[in-house]
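Subject: Handing over the two-chain model

Hi there,

Here is the structure I promised to pass on to you. Have a look at it first, and then read on for what turned up in it.

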Amino acid sequence: MKGIAFVAACVLAGGCGPKAVITAGPTRALPPHREIVLDSGPKAPRRMVPPEVFLRAYLTWFGGLSPGATLLRAREGDLFDQWTDYLAALGLPDHHFDVPRAMQSNTVMLAAIGRLGEALCIRSVELELRANTPIASRVIFAFEATPQPTRAQFAAGFDVLHRTFLGYPAGLGPPQRLERFFELHQKVVANHAAGQRLTPDEMAWAAVCTALVQHPETGLY
Amino acid sequence: MRRRDLLRLFAGAAVAPLIPGLARATPRSDEFFVFVHAGGGWDITLWADPRNEEKGLVVPASTRNTEVGGIRHWKPAGDSFEMLTSSTSSLRLGPAIGGLRELQDRLTIINGVSMNTVSHEDGITYATTGRHRIGGALAQSTIDVITASELGAAQLMPVVSVKFPSAFVGDQLDRRVVPLQVGSVDAVTRSFARSSLYFGDADRAAITALLTDEARSLASHSTHPEPFERLESQHRAIPPLVTGDFTRTFSTRQLQSLYPQFEYGGVLGEDTLAAAFAVEALKRDLVRCVGIGVSGFDTHGIDYRRHALQLQALFDMVATLVKLLETTRHPTRANTMLSEHTHLVVLSEFCRTPGINRNGGRDHYPNNSALIISPRFRPGVFGGTDPEQLLPLDSPLVASGPRPITPPDLLATLLGSLGIEPRRYLRDGEIVKGLLA
């Protein structure tokens, strides 16, 4: 109790002292903000899509095929070889040769993937257009392919392929895209005569498919 | 010149550094490069830094631990071998030098290269990039990718690596030089092979034209145009390789028939094909750098008995390659042979222990040697190791010494010899002027 009284007396004694006076002086102007230029350029490290992403996309597009089923489909007609022939070329690690996984795409990789894409597109044409499979059962060419299509007829079929491979309607793409693909279709039709393994129209749709599976936008996924 | 053209020229010159595409444009060079990696760690006491007597830790190669039957330059001396000497210099080589014995006056051998590692992955990375690994990651690009980025980005195939440990790291390099890394030459040719049953060349040309147009168009609309620009250039590189005679010429059979000088069925097996590929690809001006990986040097056990044969086969391959380059015309320079503008570097991740282990082999050792055959390098043997432990000695050639020569010094010297500022790509290393011609 004595202690509390002593502390209270000290506080009171302190509170009764002379008041400290703080006089207001003129306010100094704050220094101006320095203008800091921020570099807002892209800083993300440059990279390409890893090869597994390309390959997974391929297997999914063509009906969720297993690697073995893909091979069976693609090899016929000297269109593709064994996966093991291409491991490093596709960017996958090849432990036989101690070649590590490729972290960037390169020309050989695009060529090897292009070879696979060409094979799968041609095979799909054979299995769906050539065999006249019911449209509901088709995986890639799920549209009525009219011979010598007009621009409008081509656009309808192209839209189906565009949605499959690039994931959105062709109408939302750059305006020149439809023209470029229609031109490709016409060029390939002109390059081929009737009476070959596939009709000129079938070859043209195979070419459109081949171009779409290798399209630069697939690198965005 | 019209006034308007003159003004346009000046305006272009002023603007060029500001436009990424123009600033990056690489001048075309006519120098070529071949990098050879002896995978597993080689025994330098059999060739570059020969030892033929027991001293300290050193147990030399002898008939007790080495199969000497096929070693052409093995001359017995006591229990070991006789050194190969030169009448014109103080050069001393070991018996596994093989065909390079004939070219000894052109060799630049650097001994006592300090590696600071006995891990394969780290040694490979340090030898080829000049930096140790950071954790598992590479900190710098390999030397082949750097030279290609500086001197050959416009080439159809700037870097082809057949089992060579190429790596593209960082963002200061041209995207076109991402190495074409494969396990065999065959994988390259198969990738460009196309069936003629369906599409023809005209169809494929139309598809490529469309893809390059699309890539260019996407690049022009993109915040990050570079991936699209590079895809465009990669797509554009494919048709000449698909439609020409590339796949036919570079098939295994054709290469073997074009260059019967190489020993295809020998100790190195398929690896030799990459050397034949290099000669033909340089001759056709298709590539800037070829990387060749040769495996089989990691001999910890009884397999060490054939280590000298493996080395001899490697140096025979290199010697054949050099001789072919001497007789092959440069693709773009008149009256010039390829050897005058080709730089060849042979390296490994480290050397093997000076002593023989209880399994009859040699283990990993943090010392190394390197071999360079280049018109920009001075022939001779440089650097050295101590007589008892085979460890690197300080080199008087290193200006920032006293210290031994290290891999970054060698890589910096190679870049410096080509007029490339090493510090743009290498954190460490100095240009060792004493190595340069």
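Strands are DSSP runs of E with at least two residues, helices are runs of H or I with at least four, and both are numbered from the N terminus.

Two notes before you go further. This is a predicted model, in which local features need pLDDT of at least 70 and side-chain atom pairs count only at pLDDT 80 or more, whereas totals for chains, interfaces and linings use all residues. Residues are numbered from 1 along each chain as its sequence is written, and chains are lettered from A and ligands numbered from 1 in the order in which they are written.

The sheet in chain B

Which strands does S9(B) pair with in the parallel sense? One is strand S1 (residues 32-38) of chain B, over 6 bridges, and another is strand S7 (residues 157-162) of chain B, over 5 bridges. Strands count as paired if DSSP finds at least two bridges between them. Cys289(B) in S9(B) stands opposite Phe33(B) and is also the bridge partner of Val159(B).

These strands belong to an open sheet of 8 strands with mixed pairing, in the order S8-S7-S9-S1-S10-S13-S6-S14 (chain B). At its edges are strand S8 (180-182) and strand S14 (380-382) of chain B, each of which pairs on one side only. On average, neighbouring strands are turned by 15° against each other, direction ignored; axes are lines fitted to C-alpha atoms, for helices over the stretch in contact, and angles run from 0 to 180 degrees between N-to-C directions. Helix H11 (residues 307-326) of chain B packs on this sheet, touching S1, S9, S10 and S13 of chain B, and its direction makes about 175° with that of S10(B).

Strand S13 (residues 370-373) of chain B is worth a look too. Ala370(B) and Ile372(B) point one way from S13(B), Leu371(B) and Ile373(B) point the other way, and all are buried. S13(B) pairs in the antiparallel sense with strand S6 (residues 108-110) of chain B over 3 bridges, where Ile110(B) has Ala370(B) as its bridge partner.

The helices of chain A

Chain A has 7 helices and 0 strands. Buried residues make up 36% of its 221 residues. The axes of helix H2 (residues 51-61) of chain A and helix H4 (residues 107-130) of chain A come within 11 Å and cross at roughly 5°. That makes H2(A) roughly parallel to H4(A), a term for angles under 35 degrees. Pro51(A), Phe54(A) and Tyr58(A) in H2(A) meet residues of H4(A), including Ile113(A) and Leu120(A).

Where the chains meet

How many residues of chain A are in contact with chain B? There are 51, and they touch 43 residues of chain B; a contact means that the C-beta atoms of two residues, placed from the backbone, lie within 7 Å. H4(A) gives the largest share of the chain A side, 9 residues.

Tyr198(B) lies in the loop between helix H5 (185-192) and helix H6 (201-221) of chain B. Tyr198(B) is buried, with 24 other C-beta atoms within 10 Å. Not counting residues up to four places away in sequence, Tyr198(B) touches Ile122(A), Arg197(A), Leu198(A), Met203(A) and Ala206(A).

Finally, the largest nonpolar core has 172 residues, and among those that touch the most other members are Val208(A), Ala278(B) and Ile292(B). Such a core is a set of buried Ala, Val, Leu, Ile, Met, Phe, Trp, Tyr and Cys residues joined through C-beta atoms within 7 Å. H4(A) supplies the largest share of this core, 13 residues.

Happy exploring!

Notes. Parallel < 35°, antiparallel > 145°, perpendicular 65-115°, else oblique. Buried ≥ 20, exposed ≤ 12 C-beta atoms within 10 Å, placed from the backbone.
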